[in-house]
Amino acid sequence: LAAPQVGESKMLFLIDWMHLVEEDGGIKPYINPEVVETGDSTTVEKEGCLSLPEIWAEVRRADRIKVRYTTLEGVEVAEELTGMPARVFLHEYDHLLGILFIDRISRSERARLKSGLQAILDGTVKPFDGSMPMEDIRTEGIPA
């Protein structure tokens, strides 16, 4: 979730790694993030966004990136991200630049999504309320 998505004009986003990277699970803030290098290899994967509920499209992104950001403690961190972590970082970073994932798809793909995008504009699609479908919620280790 990027600050501009909730009306804050700040260079900040949060990523909840719990469903993406087992060893780094949890919410992590990225303050003043920047992409300092992108690899040459790319992949195409489906993406969706809280800003555009029920819209999914194939997006081409770099497989490897080097990034820099500041932690809540004020420590500057440089790291390399690959695969899905790189994709998620780039998606959230785009929000800080005023870019949505549909800005990165072809005109024909955008045309295919036109009715769904219009439904969002018309208010007929329910906005994201913070809940997740039950099948997406991790339950192992939680007593019944």
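Predicted model: local features only at pLDDT ≥ 70, side-chain atom pairs only at ≥ 80, totals over all residues.
Student: Why is H1 called a helix?

Tutor: Helices are DSSP runs of H or I with at least four residues, strands are runs of E with at least two, and both are numbered from the N terminus. H1 spans residues 83-96 and has 14 residues, so it qualifies. From first to last C-alpha H1 reaches 21 Å, close to the expected 20 Å (1.5 Å times one less than the number of residues).

Student: What makes H1 mostly covered?

Tutor: Buried means under 20% relative accessible area, exposed over 50%, and partly exposed in between (1.4 Å probe, protein chains only). In H1, 12 of the 14 residues are buried, among them Phe89 and Tyr93.

Student: Why is one side of E1 and of E6 left without a neighbour in the sheet?

Tutor: The open sheet has four strands in the order E1-E2-E5-E6, with antiparallel pairing. E1 and E6 are at its edges and each has a single partner strand, so one side of each lacks a neighbour in the sheet.

Student: How do you know that E2 and E5 pair?

Tutor: Pairing requires at least two DSSP bridges between two strands. E2 and E5 have five, in the antiparallel sense, and therefore pair. Lys66 in E5 is the bridge partner of Glu37.

Key: Residues numbered from 1 in each chain as written. Heavy atoms only, no water.
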